[in-house]
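Have the model open while you read.

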Amino acid sequence: MRIASLVCAFLVLAAAPALAAAEKAGAAVVAGDVPNDAGGAIDVTWQPSPAEEEIGFKGYEVQRRVAGEPEFATVAESVVGETTFRDEDAENGVAYEYQVRVLGAEGAPTVLGTAEAKASGQWFNTARSNALAGVLFTSFVIIFFILRARGGAELFVRKIAGLEAVEEAIGRATEMGKPILFVSGLADASEISTIAAMTILAKVARKTAEYETPLIVPCYDPIVMMVEKEMVRQAYAEMGKPDAFDEDSVFFVTQSQFGYVAAVDGIMLREKPATNFYMGAFYAESLILAETGAATGAIQIAGTDRVTQLPFFITACDYTLMGEELYAATAYLGRDPLFLGSLKGQDWSKAAIILALIVGTVFLIISTDLGLWFAKLFETAAS
Amino acid sequence: MRRELPLAICFIMGLIMTVQFFVPHHYSQWLFDNMLKWLIIVLTFAMILGIGNLVKLHLQKVQHRRRDWLYSIVALFGVTASLVTGFGWGIEADSPFMVLYNYVQIPMQATMFSLLAFYIASAAFRTFRARTVEATLLLVAAVIVMLGRVPLEGIVGRWLPDLAEWILDYPNMAAKRGIMIGIGLGAISTALKIILGIERSWLGGGD
């Protein structure tokens with residue numbers, strides 16, 4: 001008997017939100033906290049009034065008062081063509097009562113209905129649940145393969161022509177007695193592509209230290225300059241040639257996009273580097289840099305994650321690392337099993353995405369509703 | 001300690017900022033806003049370092065009469081003029097700094113940008129030589145897309161713009177999305193390696 005009472009109580013409690021929603025669905029005015037926000041906002045929704053069809057209809061008026069207070073204050077007036085209003089001036093935890101009035105053609109406004117709600121901030125954005133699941137899955141796969149690599153598993157990585165050519169390009173500059181130019185993009189140090197470019201620079205600097213080839217690194221961002229200077233210095237020290245490091249080889253130019261391009265183009269034309277590296281984030285300047293480099297006869301290797309700039313680099317450079325190949329460069333050049341493990345993890349995550357695409361396509365062929373339901377699982381709130 | 005402390009800070013901050021993305025609460029927003037403010041402060045100090053480096057480099061060039069040292073005088077003059085006019089008269093609409101900016105810097109930037117038109121022509125000429133099957137495909141697709149953008153509807157009908165749109169919306173978009181998926185995974189992987197301290201070259205050391 002006691003168990004039956006408990007089950008009944010549980011069912012009543014479980015059904016309570018649904019009953020409340022059903023009750024609200026029938027109401028003329030509904031107010032509720034904005035979901036997945038920082039707080040301070042309440043959505044008010046109302047059923048369209050038949051007065052909308054009348055000639056001279058002026059719209060709706062939304063009024064608000066703190067629950068228990070006598071007077072309403074207008075927060076929105078003459079709302080026409082819409083049946084929702086977002087109050088972004090609410091205080092968290094305070095109960096507000098909203099009243100929607102119809103401003104008809106004549107006479108005093110008529111009250112459509114009232115509703116009460118409290119604003120609150122959420123601790124988890126449920127609209128991003130799928131993004132969280134995706135990040136956790138990808139991270140799990142990558143960590144799994146890193147651990148496997150640490151355990152000594154043999155991992156195959158396909159050849160990447162652009163990275164195979166790095167050594168050859170540095171060797172060419174050494175033979176010609178000319179410098180190497182390394183441009184690490186026009187983004188700041190918080191960009192992942194800039195960090196990837198910096199790690200490639202560390203590898204290139206080791207080679208230039210080994211061959212004692214001059215290296216020129218003009219920087220767009222002062223923080224990037226500081227980090228790159230330290231990286232190059234350390235690379236020379238690790239190769240046992242700290243004295244060969246030129247303090248002025250890594251320098252700040254300007255944060256003006258085309259000012260930077262003018263300076264780097266000038267360096268190319270004056271110093272005639274035998275090899276140019278363009279790694280990182282690039283914008284409209286990509287073709288200007290790469291075409292000038294091509295005109296000087298330098299061998300050019302580019303790598304960027306900016307899809308719109310890829311065609312320009314492919315056109316004007318000898319080798320181009322496309323998108324993820326830029327991130328793979330450290331693993332490829334270093335051949336460190338831990339880095340190779342992360343590459344494998346990326347590949348398996350990609351396989352999972354391809355599988356999802358195939359499943360989605362099959363679902364869409366079977367039934368449009370099924371396909372759309374599946375596609376909706378991958379929709380994420382941007383902000 | 002020289003390496004452990006930055007690694008620990010990187011791990012903690014990386015984790016906090018990842019969690020912050022999934023937490024919409026105003027405390028989380030407050031944290032995010034403050035992080036942005038810290039970033040601006042750090043960037044301001046970094047800019048001082050950058051300008052210091054620039055001035056030092058060019059002063060040395062002038063002092064030792066290195067090759068093309070005359071250009072360094074122009075660079076130093078530009079830096080000094082910007083600093084003096086900016087700090088001396090402010091950056092209001094008609095201030096000397098804005099006059100320099102509007103009538104010297106912007107036209108020079110526009111000049112560099114306009115070079116792009118000529119570079120696109122020379123790059124297109126090189127790319128569109130139909131030497132291989134792939135290059136021929138590229139040439140045909142590019143010609144269709146270019147002509148599809150020209151208002152020739154009255155002469156050739158709707159099929160050309162429609163075909164151009166189809167090329168952009170389907171084969172082109174499919175390739176773009178494929179690359180972008182790879183970039184997303186690569187970014188997650190790189191971020192993870194940095195947060196977990198596997199990737200350490202940014203610390204100024206080797207791996």
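A salt bridge here is a side-chain nitrogen of Lys or Arg within 4 Å of a carboxyl oxygen of Asp or Glu. By that rule, Arg67(B) and Glu271(A) meet in a salt bridge across the two chains, at 3.4 Å from N to O. Keep in mind that this is a predicted model, where local features need pLDDT of at least 70, side-chain atom pairs count only at pLDDT 80 or more, and totals for chains, interfaces and linings use all residues. As for bookkeeping, residues are numbered from 1 along each chain as its sequence is written, chains are lettered from A and ligands numbered from 1 in the order in which they are written, and side-chain values use heavy atoms, with hydrogens and water left out.

**Where chain B meets chain A**

- The contact (heavy atoms within 4.5 Å) takes in 71 residues of chain A and 61 residues of chain B.
- Interface size is often quoted as the accessible area lost when the parts come together.
- For chain B and chain A that buried area is about 5,700 Å², with 70% of it on carbon and sulfur atoms; the figure is the accessible area (1.4 Å probe) that two parts lose on being put together, summed over both.
- Two salt bridges are counted between chain B and chain A.
- There are also 13 residue pairs in polar contact between these chains, both residues being at pLDDT 80 or more. A polar contact is a pair of N or O atoms within 3.5 Å; within protein, one must be able to donate a hydrogen and the other to accept it, and residues adjacent in sequence count only if both atoms are side-chain atoms.
- On the chain B side, the elements that give two or more residues are helix 1 (4-22), helix 2 (26-63), helix 4 (96-127) and helix 7 (159-195). Helices (H or I, at least four residues) and strands (E, at least two) are DSSP runs, numbered from the N terminus.
- Helix 7 of chain B gives the most to that side, with 16 residues.
- By class, the side of chain B that touches chain A has 33 nonpolar, 18 polar and 10 charged residues. Ala, Val, Leu, Ile, Met, Phe, Trp, Tyr, Cys and Pro count as nonpolar, Asp, Glu, Lys and Arg as charged, and the others, Gly among them, as polar.

**One residue with neighbours in both chains**

- Glu324(A) lies in helix 9 (residues 324-334) of chain A.
- Leaving out residues up to four places away in sequence, Glu324(A) touches Gln346(A) and Lys350(A), plus Gly182(B) and Ile183(B).
- Its side chain makes a polar contact with the side chain of Lys350(A), at 2.7 Å.

**Domains**

- Chain A is divided into domain 1 (27-118) and domain 2 (155-335), with bounds that come from an automatic or database domain assignment.
- The C-alpha centres of those two chain A domains lie 59 Å apart.
- Chain B is divided into domain 1 (1-89), domain 2 (91-119) and domain 3 (128-200).
- Domain 1 and domain 3 of chain B have C-alpha centres 35 Å apart, and their contact takes six residues from domain 1 and five residues from domain 3.
- Domain 1 and domain 3 of chain B bury about 470 Å² between them, 72% of it on carbon and sulfur atoms.
- Between those two domains the count is zero salt bridges and zero residue pairs in polar contact.

**Salt bridges within chain A**

- Over all chains, the structure holds 20 salt bridges.
- Asp43(A) and Arg86(A) pair up at 2.8 Å, N to O, linking strand 2 (residues 42-46) with strand 5 (residues 84-87) of chain A, 43 residues apart.
- Asp43(A), at 23% relative accessibility, is partly exposed; buried means under 20% relative accessible area, exposed over 50%, partly exposed in between (1.4 Å probe, protein chains only).
- Arg206(A) forms a salt bridge with Glu238(A), the closest N and O atoms being 2.5 Å apart. Arg206(A) is in helix 4 (residues 192-211) and Glu238(A) in helix 5 (residues 222-238) of chain A, so the pair ties together parts 32 residues apart in sequence.
- Lys229(A) forms a salt bridge with Glu247(A) at 3.8 Å between the closest N and O atoms. Lys229(A) counts as buried because its relative accessibility is 8%, whereas Glu247(A) is partly exposed at 30%.
- Salt bridges that share partners join Lys229(A), Glu230(A), Arg233(A) and Glu247(A) into one network.
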